[in-house]
Amino acid sequence: MLWLSDWWAAYQSTLAFSMVNAFFALSSYAVMATGILSFATVAFAAAGGFLGVQLLAVFGVPVWLALPAAALAGCVASVAVSLIFLRLESHWLALASLALILITRILVLNSPALTGGVNGLSVPVEAPLWLLALLLAGTALVFWRLSSSWYGIAACAVREDPAVASSLGIAPKRVQLVAFAISGGVGGLGGVLLAMVLQFISPETYYINIAFTMIAAVVLGGSYHWAGAIVGALVFTALPVLMQALVPAVQDVANGLALLVIMIVLPRGLVDPRAWRARQAAK
Amino acid sequence: MQLLLEQVVNGCAIGSLYGLFAIGFGLVFATLGILNAAHGTYASFAAIAGYYAATSAGLPFIASTSVGVAAGAALAVMVDQVAFQPLRHRKAGMIGALITSIAFWMILDRLAGLATGEQSLSFPAGTYPGGTWMVGSLPLPQMQVVAIVSLIVVAAGVHWLIAHSRLGAAMRAVGWNEAAAQIAGVNPRLVILATAALAGATSALAGVLAGISTNNVSASLGEGMLLKGFAAVVVGGYEDVRGAAIAGLGLGIAEVLSAQYISTSMRDAITYALLLGFLVLRPRGLFGRVSFVRA
Amino acid sequence: MARRLVWLMASAMALGTTAQAAVPPGEYLVGFITDSTGPLAAAGVSYTRGAELAAAEVTASNAIATGAKLSLEIKEAGGDAARSIQNMNQFIANRRILATTCCILSGIVNSLKPVVAGKIPLVVYGATAPGLPAPPWVYSVTALPGPSDTATAALVANAMKPKTVAYFVSADNDAFKARMAAAEKAVTETGAKTVATISVLGTDTDFTAPATQAMGANPDAIMIYTTQTPCAGIIAALRARGYKGMIVGNDVLAPAAIWKKIGAPLVGVPFPLSFSPEVNQTAEATAFSAAYEKAYGGPPDLYSAQGYAAIWLIAQAMHGMDGTPTREGLAEALSKQTAVTHNVYGGQAITGGQAAATGLTVVNWTAEGKLVKWSPPK
């Protein structure tokens, strides 16, 4: 059994990062489910991360209080941002959300009193795996319940065709505002959890790489079902580790190729409810 | 006053590179509907190809630049055919192509690192016009003039091509509705190839010129251009190359002047905040029209 | 070659005489987290090559014990904190790995410190923020550049008596921000006035506008505390725009690759040097340079020297151990080292887990592309 415990020791942090990335992926799935491509999750994660770490490190707030506070911070940030962003059309919104990430980084660098500035902040509390798993399960439960609620159906309608949705009495902007609020909450929570896994955060922590990781995770996993975000995050985090073990010399190229092949073969992602339905219908 | 003038010239020169890059980036976005994360690597590879053409083959400036531009165009066509073509028939939409472009970004970024031996290279003196003209007391580096002239020529040329040529009409038709264009007798495959090549070539030119004037031929070149070119497309709008060109210039000038007169450490925050503010006031860019909803 | 052989034998003998019961023969692994891709790749490759060379020398010279082979297990992290942590956990889980080395970025060291504490020794080869070492588990072989920067700035300021000084600083790099602040303080004490402080970012590439801005403040001297690409770019831009005043650089200008890239504008720019094959001429240094040149077809730079030192420090600590070495034992052995005995600097003391530089060497590039000791121009 020694090899099992060694294997576990070697890859437990990969599992931890997969779960943290799952929060980011769920956060961007929340808005993508209403037809919005947004990278703003990174900014919500920064809001949750820095606030959460300040609470933990400076004010000695217990974890159970710091986590909801971080989620709330992400939520407030997302609602504020969405008031501006929802006035934009889809493509412009995607572009604007990238600009938001760049602005966030500069603001983080230039407000050392709040964020530690360029020196970063040490995080005194580690996030144990069971806590990550528990929170992820809880969040997944919420997404599951939402998917079959009135909101979930409305979101689906807004994504498929906003014009039809409004004629059915659904206000697309209001649904998208709720989506942003959910995205912000989950993103803020993910932000503080990332901080607790890294145990040190700096302006580099919440930057472009997370944005592309999470979008790639959602689409890879399948952007038509909440479980896709979780599966995608797991695969996208584990893939580099696998490639490093298999082909260390060309691991980044191999990563890219794997991603390319998966997307070309399964353009709707690994988890695809439509394919399930088709299979059921065929029976 | 002298300083202001010098900085405006500097801003125009940087802005010209942003604008050039943005024209290519915007073309892909408008005609092919793809948010292409790999676009920056075209600029990197063009600069690398131009560098080796200038150093190993000893080609003069115009020739080495042409090699870079051709390399960028070829790369753009290759990426389009491998990463985007298979998705076109499967209706994977903008997001599927975004992911395959991220995949290519990862691959090409790594290959660019290998091609430069992980170093940041620079074009040796003498392989490009490196002198400085003096207009009165105003220094005017030749490369800055080359950048600004390139932007004007390319923007005017591409604008004419799109607005007045048959190819341009076909490109607009494909951008609006591929199926309808096909019914009207346009061969979309050919138009897509032409668009990809043109977009690659334009951004490649930006890459070569930036590689020369900033002494930085490396994988990181394209990433910087990508973010700024992106911003220029946001402000300028992707439906009109004049918008991207003017926005690129404006972005360069705003960046330089906010560093000079407000704060160097807040420079990027100021430029991007201006950009967001602009978006809210004019959500469809400089030359944007009222939209028609596409299902 | 003959010289190298003599030296190898001598060092093996010198080490051999102090050993009583040595570690048993066999292969010992060091986990090496490299940043050979991504934004730090240029330096990352150098660190790794220096370390590989050291491991080969340690093995060839039986520096740990007769028949004790030292090998590197290299994992790529691309300058990313999450990847570094995952790599480190894989190293910790691999029972054959005795010690680890890593990191160019201080933030990543800070993330790894809680991971390695109590588990495996970590020798930092690149990051330069103060306060990183935490014996017995975490050590740094890279001398803090701050004191040399400050001393260089003061030396130049005292020699040239500039009345006005402008500074460039990497706003997104904690180490450089601290280095600039300390240098500015020392320069201000000589009576010079700060007329401009210009922030640049690590990803910036165009420096014409910042150079124009600095020159607009009309300073007698310009001092640059930024990472490599900006530093080189700023100097090129300043000279291209006709700046004639004094420019002070920092140690990122030392690699030969930078001379090849920028050339003439660098001539006469003083900067503090930790290692260069031309200036460091001790027996160890020349042997290292020759072996490196032979293995990789180019001269070593300050980064390869640091990677080299990290592995030699581990080997040196292992040499003093007896019986089958454990991680705890190695950590304890490392905490007893007061110097890196095999080094290319002509002396490298360790206090509180942090290696320090011996003396101060301020150099500049000449028009012929040679590094020489700097002296104030007449």
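Biologist: Over how many bridges do strand β13 of chain C and β14(C) pair?

Modeller: In this predicted model, local features need pLDDT of at least 70, side-chain atom pairs count only at pLDDT 80 or more, and totals for chains, interfaces and linings use all residues. Residues are numbered from 1 along each chain as its sequence is written, while chains are lettered from A and ligands numbered from 1 in the order in which they are written. Strands (E, at least two residues) and helices (H or I, at least four) are DSSP runs numbered from the N terminus, and two strands pair if DSSP finds at least two bridges between them. Strand β13 (residues 362-365) of chain C and β14(C) pair in the antiparallel sense, and the number of bridges is three.

Biologist: Which residue of β14(C) is the bridge partner of C:V363?

Modeller: The open sheet of chain C has three strands in the order β10-β13-β14, with antiparallel pairing. Its edge strands, each pairing on one side only, are β10 (271-272) and β14 (371-373) of chain C. Within β14(C), the partner of C:V363 is C:K373.

Biologist: Which helix gives the largest share of the side of chain B that touches chain A?

Modeller: Two residues are in contact if their C-beta atoms, placed from the backbone, lie within 7 Å, and the contact takes 38 residues from chain B and 34 residues from chain A. On the chain B side, α3 (61-88), α4 (93-115), α9 (219-236) and α11 (267-281) each supply at least two residues. The largest share, 12 residues, comes from α4(B).
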